[in-house]
Amino acid sequence: MSEAAPAPAPGRGAPRARASVALLHRPVTVHAWDDIVFAHWRCEPETLARLVPRGTRPDVVDGSAWVGLVAYVFRETQVPPFPPSTRLGRMTEVTIEVLTVDDAGRRGIAYLTVDTPNVPAIVAAHALLGVPYTFAWARSRRRGETVGHRSVRHPGRVRHPIRAVRLARAARRTPGPSTVQHAASVRAVAGEVDRSPLAAELTTRAGIHARLLAQTLFWQRQHPPLTVRSARLERLEGDLPDAVGLPGLFDRAPDSVLVVDGTTVRYAWGDVVR
């Protein structure tokens with residue numbers, strides 16, 4: 001009897017197969033995401049190399065390195081073995097991320113920022129995962145095939161929540177120079193299913209490369225195969241890229257715009273990269 005072929009290492013192989021690779025460890029968290037918008041730009045690898053964690057490099061896909069604005073509605077979370085919970089509430093997350101690969105061939109992403117209104121998520125992500133969450137007022141809207149997300153940073157809300165509320169009320173009463181730091185707004189109209197290899201590479205990544213203290217960690221990510229749809233961009237504005245060292249990114253149109261209606265994402269411990 002011939003031996004069964006070993007399972008592929010996480011992050012290797014075709015991107016659609018990557019999504020179904022068995023997790024190496026029990027899932028740490030399980031999340032439901034809806035109305036996911038992916039806007040990606042081609043870049044030179046040298047431009048992005050300084051932004052990714054040690055032990056990783058920008059992943060070259062279709063001849064280019066890629067940076068993306070990815071926004072979605074976070075609907076519920078589960079921390080096994082406990083059942084799913086909606087106590088965190090329905091919230092929007094807006095991210096800027098770079099497609100990455102490490103020396104073991106694991107193809108993931110490195111978050112440059114994850115903007116969200118959920119303070120407990122920010123604290124937990126920073127302390128436990130090394131993911132750079134930042135406080136922002138964020139919201140989403142979907143009408144038919146049109147999906148929109150917007151975030152506006154208010155970092156002082158975390159450091160001084162009472163003072164921030166007072167300042168916000170005063171600003172509404174007395175219009176003047178804004179103290180808001182960095183915003184992003186994206187709206188796209190979903191179209192036909194896109195089964196191209198490039199669409200799969202941009203949306204199906206094996207995990208997260210993250211900095212935590214002096215180490216680079218790899219968190220494995222798994223989800224069902226995605227139904228990816230091409231999309232037409234209606235709006236893209238803001239200066240959020242300035243906050244992560246990519247000024248002017250929104251000045252040119254994305255090279256790819258895609259929408260995924262929804263999925264369930266599972267995260268598990270992967271490895272220490274460096």
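Trainee: How many cavities of 30 Å³ or more does the count come to?
Mentor: Keep in mind that this is a predicted model. The count comes to 1 cavity of 30 Å³ or more. The lining has 17 residues, and Trp-33, Phe-38, Val-70, Thr-203 and Arg-221 are the closest to the cavity's centre.

Trainee: Which element gives the most to the lining of the largest cavity?
Mentor: That is β1, with 3 residues. At least two lining residues each come from β1, β3, β4, β5, α6 (197–203) and β12.

Trainee: Next, the nonpolar cores. Which residues of the largest nonpolar core touch the most other members?
Mentor: A core of this kind is a set of buried nonpolar residues joined through side-chain atoms within 4.5 Å. The largest one here has 29 residues, and Trp-41, Leu-48, Val-67, Leu-69 and Leu-246 touch the most other members. Six strands each supply at least two residues of this core: β1 (27–43), β3 (65–78), β4 (91–102), β8 (183–193), β11 (228–238) and β12 (256–272). Apart from this core lies another, of 24 residues, among them Trp-33, Phe-38, Ala-210 and Tyr-267.

Trainee: Which residues does Val-67 touch, not counting those up to four places away in sequence?
Mentor: Val-67 touches Ala-39, His-40, Trp-41, Cys-43 and Leu-48, and also Ile-96, Glu-97, Val-98, Leu-246 and Leu-249.

Trainee: Now a single strand. Where do the side chains of a regular strand point?
Mentor: In a regular strand they alternate between the two faces of the sheet. A strand can therefore be read one face at a time. Take β4: on one side are Met-91, Glu-93, Thr-95, Glu-97, Leu-99 and Val-101, and on the other Thr-92, Val-94, Ile-96, Val-98, Thr-100 and Asp-102; all of these are buried.

Trainee: Why is β4 described as largely enclosed by the rest of the structure?
Mentor: Because 12 of the 12 residues of β4 are buried. The cut-off for buried is under 20% relative accessible area.

Trainee: In which sense do β2 and β4 pair, parallel or antiparallel?
Mentor: Antiparallel, over 3 bridges. Thr-56 stands opposite Asp-102 in β4. β4 also pairs with β5 in the antiparallel sense, over 8 bridges, and there the bridge partner of Leu-99 is Ile-109. The hairpin of β4 and β5 has 4 residues between the strands, and within it Gly-105 takes a positive phi near 85°.

Trainee: On to charges. How many salt bridges does a search of the whole structure find?
Mentor: Side chains of opposite charge can pair when their charged atoms come close. The search finds 17 salt bridges. In one of them the side chains of Arg-107 and Asp-59 meet, at 3.3 Å from N to O.

Trainee: Is Asp-59 buried or exposed?
Mentor: Asp-59 is buried, with a relative accessible area of 3%. Arg-107 is partly exposed, at 28%.

Trainee: How far apart are the closest N and O atoms of Arg-142 and Asp-261?
Mentor: They are 3.1 Å apart, in a salt bridge. This pair links distant parts of the chain, with Arg-142 in strand β6 (residues 133–143) and Asp-261 in strand β12, 119 residues apart. Arg-142 is partly exposed, with a relative accessible area of 28%, and Asp-261 counts as partly exposed at 34%.

Key. Residues are numbered from 1 along each chain as its sequence is written. This is a predicted model: local features need pLDDT of at least 70, side-chain atom pairs count only at pLDDT 80 or more; totals for chains, interfaces and linings use all residues. Side-chain values use heavy atoms; hydrogens and water are left out. Buried means under 20% relative accessible area, exposed over 50%, partly exposed in between (1.4 Å probe, protein chains only). Contact means heavy atoms within 4.5 Å. A salt bridge is a side-chain nitrogen of Lys or Arg within 4 Å of a carboxyl oxygen of Asp or Glu. Two strands pair if DSSP finds at least two bridges between them. On a 1 Å grid over the protein atoms alone, a cavity is a set of points where a 1.4 Å probe fits but cannot get out, and a pocket is an open set with protein on both sides within 12 Å along at least five of seven lines; lining residues have an atom within 4 Å of a point. Grid points are joined across faces, edges and corners, and a volume is the space filled by probe spheres set on the points.
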